[in-house]
Amino acid sequence: MENNFDINNLVRENVKTMKPYSSARDEFKDFDVAQMIFLDANENPYQNGVNRYPDPQQSSVKAVLAKQRNLKTNQVLLGNGSDEVLDLLFRAFCEPKVDNVITLPPTYGMYGVLANINAVENREVLLSQDFQPEIDKILAAVDSNTKMLFLCSPNNPTGNSFDDESIVTLLKNFKGLVVIDEAYIDFSKKPSWLNELDEYPNLIITQTLSKAYGLAGIRLGICYASAAVIAVLNKIKPPYNVNELTQQRALERLADKEKIQLEIDSIVIQRDDLLKVLNEVQFVSKIYPTEANFVLIKVDDANKRYNELIQKGIVIRNRTTQPLCENTLRLTIGTADENKILMEALKSI
C-alpha cells in the first residue's frame, strides 16, 4: 500500500486494550444449539419466535450478504441502521477532544452530528461547484489527528457520484480511513467500491437495506471493510444490536433478488420520466445530474415552491440552507401514481 497504512495507528488506546462483552450466546456458538437447553441468559423459556436473544453476530444474514458480494463474512459488520455503523467508527477510531474527521458538504448530515456527539472535530471541506471533491483542499486539511474522511457517493443531497480518479488519489494519499457511503449505489450505473476492498486496507464501505431494498423500517445498516477493521468494530458493538425480527425480514428480502431488481428498475424509469417533465417546469432553473433515487433541482424560490407543494399534499425536502444548495429542492422518486401527481402539481404552480 502506497501510504503505509497501519490500522494499529488509528485504533483508540482504550479500545486496543479492552475486553469485549461476552454474551450468553457467544460462548456456545460452536455447539449444535438445537440440541441444547439454554438456562443461562434469564430468558422466558416459552417459545414464541422471539423469546430468545438474537444471534449477536447475525451469522445467517452476513453469510448471504458475503456470498452476494463475493466477500468473506469476517469483512461484514451489521448495525441498527447505518447510523449505528457510523457511530461505531467514531467510537473505535476517534479520541474525543483530540482527533478530527473530514466531511465534504453538502452531504449527509449525520456525519457532522455524530462527530459532535463524540466530541470529535469535523473539518468541512466544501465540494466544488459541480459537487466533486477538492483533492488539494482535502489533503491540506489533514493533520496527524485526522482519522477519517467521509465520501458519500452517490452523494446526498446532490445525487451525483464522485470521480473514480479522485477517490483513488485519496485512498493512496490519506493515511486514515476513507469511508465511502454507498446508500444509493443500487440506483447508479457505476460499480460499487466493494471490488477494491482487498486493494485498499484503509477503505470502508457502508451500505443499507433502507433504500433500494425497501426496508427502512427494519433499520439494518452494513459495513464492509478488511477483517482487521471489522474485528475492531466487533469489540465495541452492543452484543444484540440487530434484533431477531430485523434479521428474519432481511433474510426474506435478500432472497427475493428478482423483485428487488424490478423495483430498482421501476424507480430508475420513474426518475427519467420526472427529469423530462422538470425540463418543462418554468420555475426550475437547473436539474442536477443524479445516480440516486432522488433528484436535486434549483428553483427561483425554494421556500415558496416547497410550501406550494405542501399545500397540495406533497412533501419534498427543502435543501436551500445547505452549502452550495441555495434555492434547491430534493425530490424523492415515488411510485408511478405518486410521480404523476407530483408532475401535475409542478406544472400547475
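1. Is Asn118 buried or exposed? The model is a predicted one, and in it Asn118 counts as buried because its relative accessibility is 12%, where the cut-off for buried is under 20%. Asn118 sits in the loop that runs between helix 4 (110–117) and strand 3 (121–124).

2. The side chain of Asn118 has two partners to check in the viewer. One is the side chain of Asp87, with which the Asn118 side chain makes a polar contact at 3.0 Å. The other is the backbone oxygen of Leu114, which the side chain of Asn118 reaches at 2.8 Å. With neighbours within four places in sequence left aside, the residues in contact with Asn118 are Asp87, Phe90, Arg91 and Pro96.

3. Which peptide bond of Pro105 is cis? It is the bond from Pro105 to Pro106, with omega near 0°. Pro105 is in the loop between strand 2 (100–103) and helix 4, and Pro106 is placed in the loop between strand 2 and helix 4 as well.

4. Pro105 has a relative accessible area of 5% and is therefore buried. Not counting residues up to four places away in sequence, Pro105 touches Glu124, Val125, Leu126 and Leu127, and also Pro323. For a sense of distance, the C-alpha atom of Pro105 is separated by 26 Å from that of Leu274, a residue 169 residues apart from Pro105 along the chain.

5. Another cis peptide bond joins Ser153 and Pro154, with omega about 0°. Pro154 belongs to the loop between strand 4 (146–152) and helix 6 (164–173). Ser153 comes up again below, as one of the residues lining the largest cavity.

6. Two non-glycine residues with positive phi deserve a look. Asn42 has phi near 60° and lies in the loop between helix 1 (13–17) and helix 2. Its relative accessible area is 80%, so Asn42 is exposed. Arg219 has phi near 55°, again a positive value in a residue other than glycine. Arg219 is in the loop between strand 6 (203–208) and strand 7 (221–224) and, at 32% relative accessibility, counts as partly exposed.

7. How many disulfides does a search of the whole structure find? The search finds zero. Cys152 is in no disulfide, and the nearest cysteine sulfur, in Cys325, is 12 Å away. Cys152 is at 2% relative accessibility and therefore counts as buried.

8. The volume of the largest cavity is about 60 Å³. Its lining consists of Ser153, Ser161, Phe162, Asp164, Glu182, Ile185, Ser188, Lys190, Pro191 and Trp193. Sorted by class, the lining of the largest cavity has four nonpolar, three polar and three charged residues.

9. The second largest pocket has a volume of about 400 Å³. Of the 18 residues that line it, Asp186, Tyr213, Ile260, Gln261 and Ile264 lie nearest its centre. By class, the lining of this second largest pocket has seven nonpolar, five polar and six charged residues.

10. Which helix gives the largest share of the lining of the second largest pocket? The answer is helix 9, with seven residues. Helix 9 (257–278) and helix 2 (59–69) each supply at least two residues of that lining. Helix 2 was also named in point 6, as one end of the loop that holds Asn42.

Conventions:
Residues numbered from 1 in each chain as written. Predicted model: local features only at pLDDT ≥ 70, side-chain atom pairs only at ≥ 80, totals over all residues. Heavy atoms only, no water. 1 Å grid on protein atoms, 1.4 Å probe; cavity = no way out; pocket = protein on both sides within 12 Å on 5 of 7 lines; lining within 4 Å. Points joined across faces, edges and corners; volume = space filled by probe spheres on them. Helix = DSSP H or I, 4+ residues; strand = E, 2+ residues; numbered from the N terminus. Nonpolar A, V, L, I, M, F, W, Y, C, P; charged D, E, K, R; others polar. Disulfide = S-S within 2.5 Å. Buried < 20%, exposed > 50% of the residue type's maximum accessible area, 1.4 Å probe, protein only. Polar contact = N/O pair within 3.5 Å; in protein donor to acceptor, adjacent residues only side chain to side chain. Contact = heavy atoms within 4.5 Å.
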